[in-house]
Amino acid sequence: MVLQSEVSMKILMAVGGVNTASMNPYVGSIEGRLNNMGHNVVSSAEELWSAQGRYDIVHIHWPQALFGWHTEDIAEDSVARLRDQITAIQATGGVVCYTRHNSVPHEDDNPHSVALYDTVE
């Protein structure tokens, strides 16, 4: 039995770059459950960059996905951009949450990638 939520929320699952549901079944499962409860769930990493004021909840999974998984391109300004965007979403009433699937990025020695993880926490 799936319970319907009394209040429908607009939720951004900030994931992307590949078929996320097949990459990680948890993401597909939570998206499906939220949709079944009557919430409007959008899955898109790109959507994060214009999300302020548009979503009740922004759920980040893998910070490097927000940059198209191109970890070699992640630099100090990327970290600042993400920090500023999280602040803008929160300033317009959005809640930003994060699921830490990995303690550190896999096969990625870019220190700015690690800084992305610190930023979303």
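Of the 121 residues in the chain, 40% are buried (under 20% relative accessible area with a 1.4 Å probe, protein chains only; exposed is over 50%, partly exposed in between). The model is predicted: local features need pLDDT of at least 70, side-chain atom pairs count only at pLDDT 80 or more, and totals for chains, interfaces and linings use all residues. Residues are numbered from 1 along each chain as its sequence is written, and side-chain values use heavy atoms, with hydrogens and water left out.

The pLDDT (the predictor's confidence in each residue, from 0 to 100) averages 85 over the chain. A score of at least 70 is reached by 90% of the residues.

The chain holds four helices and four strands (DSSP runs numbered from the N terminus; helices are H or I of at least four residues, strands E of at least two). Their order from the N terminus is β-α-α-β-β-α-β-α.

The largest nonpolar core comprises 28 residues (buried Ala, Val, Leu, Ile, Met, Phe, Trp, Tyr and Cys joined through side-chain atoms within 4.5 Å). Leu48, Val58, Ile60, Leu66 and Leu82 have the most contacts inside this core. Two or more residues each come from strand E1 (10-14), helix H2 (25-36), E3, H3 and helix H4 (111-120). Beyond its neighbours within four places in sequence, Leu82 contacts (heavy atoms within 4.5 Å) Leu48, Trp49, Leu66, Phe67, Leu116, Thr119 and Val120.

Thr71 lies in the loop between E3 and helix H3 (76-91). Its relative accessibility is 18%, so Thr71 counts as buried. Not counting residues up to four places away in sequence, Thr71 touches Gln64, Asp108, Asn110 and Ser113.
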